[in-house]
Amino acid sequence: MKYFKLILTLLFLALTFNSCAQDHKIVGIWDVKNDYYQAIYEIVENDKKFFGKVHYYNDGSTEYKGDNKKEDYFLTDIEFKDGKYINGKMYLPDGSFYKVVFTLKNENTLEALMTVEKQPYTETWTRNTTD
């Protein structure tokens, strides 16, 4: 009986810790294609914040292929709160940035909402499922 209680206690603790762990579906590689540019971005997690780096970018006049360098990081300070990923800053090459909020629409669709030239702008990012 003593072992049975011990096993139940350990099982309970394991389930409790497992349910507390958050599996953030925002992490991964995302494709963006719109009227202005096409890109492949990766979102990673570090210390409960999320960051984005460029794998590929092409707007018709500028093409950039990321090389896993510090300069490839363009998205910083994203935090998860109330089902949204908030406080993100999407940096432009000139050092300016847009504030961005991400909403995971489903496992493979991410919506990025930002203000561009004082107007709300929404992009849809699609999970890259190729290896």
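Asp-77 is partly exposed, with a relative accessible area of 26%, where buried means under 20% relative accessible area, exposed over 50%, and partly exposed in between, taken with a 1.4 Å probe and protein chains only. The model is predicted, so local features need pLDDT of at least 70 and side-chain atom pairs count only at pLDDT 80 or more, while totals for chains, interfaces and linings use all residues. Residues are numbered from 1 along each chain as its sequence is written, and side-chain values use heavy atoms, with hydrogens and water left out.

A salt bridge is a side-chain nitrogen of Lys or Arg within 4 Å of a carboxyl oxygen of Asp or Glu, and by this rule the count comes to 2 salt bridges.

| Salt bridge | N to O distance | Relative accessible area |
|---|---|---|
| Asp-77 and Lys-49 | 4.0 Å | Asp-77 26%, Lys-49 29% |
| Lys-53 and Glu-42 | 3.8 Å | Lys-53 11%, Glu-42 19% |

Strands, like helices, are DSSP runs numbered from the N terminus, a strand (E) having at least two residues and a helix (H or I) at least four.

Two strands pair if DSSP finds at least two bridges between them. Strand 8 (residues 109-116) and strand 9 pair in the antiparallel sense over 8 bridges, and Thr-115 has Pro-120 of strand 9 as its bridge partner. Strand 1 (residues 28-33) is joined to strand 9 (residues 119-127) by 3 bridges, also antiparallel, with Val-32 opposite Trp-125.
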